[in-house]
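Student: Could we go through this structure together, asking at each step what stands behind the words we use?

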Amino acid sequence: MFKVYQATHVGKVRKNNEDALIYIEPETFIVADGMGGQAAGEIASQMLIDTAKNFLPAIPEPYNEDILKKVILKSNAAILREAAKNPGYRGMGTTATILHIYNRRAYYAHVGDSRLYRLRNKIFEQITQDHSYVENLVRQGEITAAEARVHPMKNILTQAVGAVEDITVDTASFSVNDKDIFLLCTDGLTNMVEDKDIAKILLTSENPAESLIEAALQNGGLDNISVIVVGVDKL
């Protein structure tokens, strides 16, 4: 059994919400953070969601890593085709973080700097790795994680769905335990709220999605904010 909470907010600065999110039964969760001129970011993120909605129901479970990767690759091709047809959409793209839970196994596919976290036994862990310029600097030991949070180039991505024909999709699977809590979110949350505060909200709030949105808004709300929280009761 699962408890699912989801919410999205335009934030305090942006005029449009270029994020998209969806819960596709059975137990598939997606967040996407669009980018591009005018309304193109909204188009890209929604195209990824629509691709998943159209593709996955025809596939038997479980949706393993290869299937989730195929959703992203299909989305990538569709976004590139749309951008080629419409000059106003050129340069559009989106992040993609997809989680599927089947029995006691979780599968994910990921591109960009939206994130998947797991809270297990009060240990809060980032499962995905950001595809970003500053994350590369952190991995190379040139800056710290704390410095990355305030780096002027923190929003520059090294991978995005719809950016180029050949993208690298991170995939993996891992076991799921009773009482695990999973969080999928866009960087409108993680740039505004520190991990320790996110974990505290996940452990204490009756509606963690709404509480996380509120925390990001209180800290500035500089970007669109989208979250999906999945609580595992008992499998």
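Tutor: Happy to. Let us start with pairing: two strands pair if DSSP finds at least two bridges between them, and strands themselves are DSSP runs (E, at least two residues), as helices are (H or I, at least four residues), numbered from the N terminus. This is a predicted model, in which local features need pLDDT of at least 70, side-chain atom pairs count only at pLDDT 80 or more, and totals for chains, interfaces and linings use all residues. Residues are numbered from 1 along each chain as its sequence is written, and side-chain values use heavy atoms, with hydrogens and water left out.

Student: What makes β7 and β8 a pair?

Tutor: Strand β7 and strand β8 (residues 123-126) share four bridges in the antiparallel sense, and the definition asks for at least two, so they pair. Within this pair, Tyr117 stands opposite Gln126 in β8. Two residues lie between the strands of this hairpin, where Asn121 takes a positive phi near 50°.

Student: Which strand pairs with β7 over five bridges?

Tutor: That is β10 (residues 181-185), again antiparallel. Here Tyr117 stands opposite Leu183.

Student: Why is β7 called largely enclosed?

Tutor: Buried means under 20% relative accessible area, exposed over 50%, and partly exposed in between (1.4 Å probe, protein chains only). Six of the six residues of β7 (residues 115-120) are buried, so the rest of the structure largely encloses this strand. In a regular strand the side chains alternate between the two faces of the sheet. In β7, Arg115, Tyr117 and Leu119 are buried on one side, and Leu116, Arg118 and Arg120 on the other.

Student: How many residues of β5 are buried?

Tutor: Six of the seven residues of β5 (residues 96-102) are buried, so this strand too is largely enclosed. Strand β5 runs antiparallel to β3, with four bridges, and Phe29 stands opposite Leu99 there. Seven bridges join β5 to β6 (residues 105-111), also antiparallel, and Leu99 stands opposite Tyr108 in β6.

Student: Why is Ser226 counted as buried?

Tutor: Ser226, in strand β11 (residues 225-232), has 0% relative accessibility, so it counts as buried.

Student: How do you know that the side chain of Ser226 makes a polar contact with that of Thr8?

Tutor: A polar contact is a pair of N or O atoms within 3.5 Å; within protein, one must be able to donate a hydrogen and the other to accept it, and residues adjacent in sequence count only if both atoms are side-chain atoms. The two side chains come to 2.6 Å, so the pair falls within the 3.5 Å limit. Contact in general means heavy atoms within 4.5 Å. Beyond four places in sequence, the contacts of Ser226 include Ala7, Leu184 and Ile213.

Student: What makes a space a pocket?

Tutor: On a 1 Å grid over the protein atoms alone, a pocket is an open set of points with protein on both sides within 12 Å along at least five of seven lines, and lining residues have an atom within 4 Å of a point. The largest pocket here is lined by 19 residues, with Arg115, Asp130, Ala145, Ala148 and Arg149 nearest its centre. Helix α4 gives the most to this lining, with four residues.

How values were computed
1 Å grid on protein atoms, 1.4 Å probe; cavity = no way out; pocket = protein on both sides within 12 Å on 5 of 7 lines; lining within 4 Å.
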